[in-house]
Amino acid sequence: MMAQFSRFRLKGLVFLAIVVFALPLFISNPFHYGLATQIALIAGAVVGLNLLVGFAGQISLGHAGFFGVGAYFSAIMTSNYGWSAIPALVVGAIGVAIIAWAVGRPILRLKGHYLSMATLAVGFIIAIILNNERELTGGPDGMPMPAFDVFGWELSVFGQYSLFGMDISGDLAWYLFAGVILLAAVWLAQNLIDSPIGRALRSVHGSEVAASVVGVNTAKYKSLVFVISAVYASVMGALYGHFQGFITPSIASFDFSILLITMVVLGGMGSTIGVIIGAVVLELLPQVLADFQEMEMMLFGLILMLTMIFMPKGLLPTAANYLNKRRSKSAGGDA
Amino acid sequence: MFKKITRRASKVAAIAAAGLLAMNVQAADPIRIGSFLSVTGPASFLGDPELKTLEMYVEKINKEGGVLGRQLELVHYDDAGNASKARNFASRLIRSDRVDIIVGGSTTGATMAAAPMVEQAGIPFISLAGAVVITDPVKKWVFKTPQTDRMAAERVLTDMKERGLTKVGLISGTGGFGSSGREQTLAAASAMGGIEIVADETYGGSDTDMTAQLTNIRGTDGVQTILNFGFGQGPAIVTRNYAQLGIELPFYQSHGVASDGFLELAGNSAEGLRLPASPLLVPESLPADDPQKPVVEAYKTEYEARWNSKVSTFGAYAYDGLMLAVEAIEKAGSTDKAAVRDALESIQGHVGVTGTFNMSPEDHNGLEAESFRILEVQDGGWKLIN
Amino acid sequence: MTALVEVNNLSKAFGGVHAVEDVSFSVDAGQVYSVIGPNGAGKTTLFNLITGLYTPTSGEVKLNGESIAKLQPNDLAERGMCRTFQQMQICMNMTAIENVMLGRHLTLKSNLLTTLFRLPSLTRGEKAAREKAAELMEFVGCGEYLDTEASAMSYGALKRLEIARALAAEPKVVLLDEPAAGLNAVETAALEELIRKIAEQGITVMLVEHDMKLVMGISDRLLVLNYGRVLAEGTPEQIRANPDVIAAYLGG
Amino acid sequence: MFSEFLQYLFTGITIGATYALIALGFTLIYNASHVINFAQGEFLMIGGMATVSLTAMGVPMLLAIVLAVVLAGVLGIALQRLAIAPAKNADVVTLIIITIGASIFIRGLAQLVWGKEYHVMPNFSSEEPIQIFGAVLNSQSLWVLGVGAVLVAVLVYFFTRTLTGKAILATSMNKDAARLVGIRTQVVLMLAFMVSALLGSVAGIVVAPITFTSYDIGIILGLKGFVAAAIGGLGSGMGAVVGGLALGVVEAMAAGYLSSDYKDAVAFSMILVVLFFMPRGLFGAKVVERV
């Protein structure tokens, strides 16, 4: 039974679902819900980025730019033009897909760090535009964003809802919504990885030459995954904006891009659950380090550096490896 | 040193352990003052003196017996100038730390990101940020201590007009402070009439050379004076480039650089420039009958003695914020949030370092443009003009 | 009968150095065709030119009469050409069977929608691909490794795995670059058997190999390169008797 | 008209020379180890801040500069030995994240030790600017350009004429081959980090009188240096110099003639334009794959 489960394709998803739905049993503080919601939405973007970095082995240093475009497009359309949240989110995602395709297609034919340079530039250009177009975006001081609405029904952290006859607060409702979104994001990502397209992507990372000689058009798959990961970021950005209620260009900043890719690498490239752990750790760490005041930055850098030096494969793969080794050792002892 | 670290580490471990569990610590005794400031990051020159001020006066007030016979407790987080972090910390202060009042928000972005949360939770919030949007339109629970950037713009433009300078070249930083200041300057100029912005240039917060922009302004037809709206090291570089280019036009800066640190950075190049500022920089030039004089002198002496560094206008915003909070709590006679808010809104004639506050339901800032004094740099020091 | 692979006056220079110079030969369908020569003779470069990894400086390569010198490797795979590498190119981030299933890439038609939502058509295709891959792994003799991580497999098994992957693409011609390198005598014997079985299925095999015993035993024809030029071409008997070849190998 | 152009040009070349020095640092480390060292900007910060704080302690300027450069060099070696070498089997992305962690750590440490204020460093020579055809040139700009040129000349000599330089080059071309001919590649990597730290710190020192210096100055200058290296073609020394100067000049011209709001956007667009039309940057080498 256990062995069967451990081979199950979606065991990570099941595990994640248990965590997501069990968490409300342990927390009741609205601040913690808020934090968890935020982590879930960012983790969703990181799952998308992992498709690019972890599976296709391409580095994006500008992913926050796509996150920002998603958020700002939704903010502008919903607050200035009276659009509903879902069409704004969808059109924004299509726009981001087009930008990503236009940038990625010519660049991804090349090997090496060229994509990281191009994405760095795109991320910066987006941040500069968001910062300068004050009329539209409110400039560096940011702009408010209305609650998320579906057919006239609004999801607000300040609201009160009833679900299956239970009264739940807006914070909990948002948390559950974000949790379901994250599960969906993981499910889609898992499906993608476990498919001919997913194999083609992984082969680009594993051996681009091998991929091409069996007929994989590597450039095409690289642009495809780049677009998909950008769309993930865009959608999560829009939701994040609705949740926060107020956005500033810092969500499109280079710092945030770096944070996103750090989550991927720290959690474990190529491991969907791992990168979510990366997101959780890197979002909680500043909350914990906040008490260190002046030393916060130094400690953050130190922890990041040491973790990566001693666990270059990331948190989850290293832990899994360790457990496997122990298990096989004890199994060996039995035999 | 090491002991301190381990102690802190164990404290953090305890917090982390408590981590996701509800922390319903009911603050029976102390009055909890929450704060989130940009102590690090690009706006650290705001948050750093602000935090120091809050820390030292909370200490001082406690030594003197506290407020309503209760001690004050400062709960502080560093938002590093990042609005998302600010919102998170505001949420943590309100919902987890359950503070009674918030004094904080170094930047407009941080303040605005936290405002919806504050409004919803119904907790008095005194912001230390400058932009006019914070209190205009009025938000029920949000107050602020610095004069608005609109007032600064009006004050500067008025001084220019008095000197017969009507064609202004504007240069501003692209950060929140500069870009809001730019907008308010443009709006103020068109509202006042008789003064015209003939050039409009910007620079990034971490740019290292503004010669090109200044050359452009110098080349603009008829320009009579130049105003720079920005903060951080940028304005100091603008000032130096200004001197290097040998531009002879009268030069103005905003209140964003009203600190002695700016004079150190800009050096001789600052000679002759004017800016609107709090009298904090020139306490000795205030007339003896000025009601602000004792307050300003006391703050300056105490701050400089305690921290061994020069006082800055920004720290004074925190001083005023804390003192307003204390007065409101005393007036309300409790920490009941609605009562404190009402008391805050009805404060009249509160003499602070920044100016004299007269709050009202229509005005959650309570300051007049006249509370800005025009200073000029003369012989490497500040000189009160009017 | 027309030649399946035809190489005409092919040259490749790196900087000023000619790695391959004016090489012409043709391979008929169903043959086992080997390229031999001393180290640095340009054998691997020749394979890289034929399979589209390098662009020739001059000359042309034809597959089934169509010129392919300017095509990318993935285009060639679509036209029925597949290969293995001297320095193995295995995706170490996948399991063994996934590596072979990668070889089925061209035969699996999938679009984004069926993939993302894992619609039945996709699972059907995947199931078939897996069965085929398992069959091929059995065929090359590494059937016991199905779900083993590639990174955990032995060198010899990986060499077989790479052949299985090439076969999974259902090629008309497969190019094996030093398949016996690093194998012991028993493994080499098994390899010879495997190549024979591949040829029996009607797949044309091109081989770069140092092991003379293996090459002479299974090749229909041989091409001998020396310093990038053709030294000799012919059946094993002809090559064995060729004085130039003897000179190059023994005297050179 | 002409004086304006000249003014923009002076501005651009000065800051461009700084970018070029940082870009050279990136290039050196990239060539030796294929790591994009995001801590490069911190070397620059260390150079400026250490000089300022040492002079404030009463150390003579020249000695302070030497000590600051040595400190940066030691830091460069430490970075390679303590952070990069132990993770030698890690993915390139992992190594990049390690350098990011290192840069945050160094910056946090600098903030603790030196505080958050901006600091002034006096010009090396006269504070009086120089007038040329109606444009003014800060005398410090001449120092930046002069020191930059000398460093480039020294580097060229180092790589083409000295055994150590050639060893670094050989390692960057083929690590295994270099090891076979007896080059100790770990030592070479250490050298590359050290030289690149020296370059960065010198750039930080000569440019400090123009830009001021603070614990966080390395972020943006380091990034611009990376952009310059990318434009020039990551891995090409010539490209780093040309890319740096081009970036500086384009920025200044964009601020002067186009829009000061979007001058940085113009600079970043340069990367895209260059990559679209010259896929390996201006001077990047074509890599021949070995299979």
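Predicted model: local features only at pLDDT ≥ 70, side-chain atom pairs only at ≥ 80, totals over all residues.
Residues are numbered from 1 along each chain as its sequence is written, chains are lettered from A in the order in which they are written, and side-chain values use heavy atoms, with hydrogens and water left out.

So what does hold our attention at this interface? Three residue pairs, both members at pLDDT 80 or more, are in polar contact between chain D and chain A. A polar contact is a pair of N or O atoms within 3.5 Å; within protein, one must be able to donate a hydrogen and the other to accept it, and residues adjacent in sequence count only if both atoms are side-chain atoms. (Helices, H or I of at least four residues, and strands, E of at least two, are DSSP runs numbered from the N terminus.) H4(D) gives the largest share, 16 residues. Sorted by class, that side of chain D has 34 nonpolar, six polar and seven charged residues. Here Ala, Val, Leu, Ile, Met, Phe, Trp, Tyr, Cys and Pro count as nonpolar, Asp, Glu, Lys and Arg as charged, and the others, Gly among them, as polar.

The size of an interface is often given as the accessible area lost when the parts come together. For chains D and A that is about 3,900 Å², with 81% of it on carbon and sulfur atoms (buried area is what two parts lose, with a 1.4 Å probe, on being put together, summed over both). D:Ile97, D:Phe105 and D:Tyr262 supply 14% of the area that chain D buries here, more than any other three residues.

Now move to chain A and chain C. This contact (heavy atoms within 4.5 Å) takes 28 residues from chain A and 30 from chain C. The two chains bury about 2,600 Å² between them, 65% of it on carbon and sulfur atoms. In chain A, the residues losing the most area to chain C are A:Arg199, A:Val213 and A:Val214, together 27% of what that side buries. This interface has two salt bridges. A:Arg199 forms a salt bridge with C:Glu126, with the closest N and O atoms 3.0 Å apart. H9(A) gives the most to the side of chain A that touches chain C, with eight residues.

Finally, zoom in on B:Ser179, which sits in helix H6 (residues 176-192) of chain B. Is B:Ser179 buried or exposed? B:Ser179 is buried, because its relative accessible area is 9% and buried means under 20%, exposed over 50% and partly exposed in between (1.4 Å probe, protein chains only). The side chain of B:Ser179 makes a polar contact with that of A:Arg134, at 2.3 Å. Leaving out residues up to four places away in sequence, B:Ser179 touches A:Arg134, A:Pro140, B:Gly173 and B:Thr174.

Conventions: Salt bridge = Lys/Arg side-chain N within 4 Å of Asp/Glu carboxyl O.
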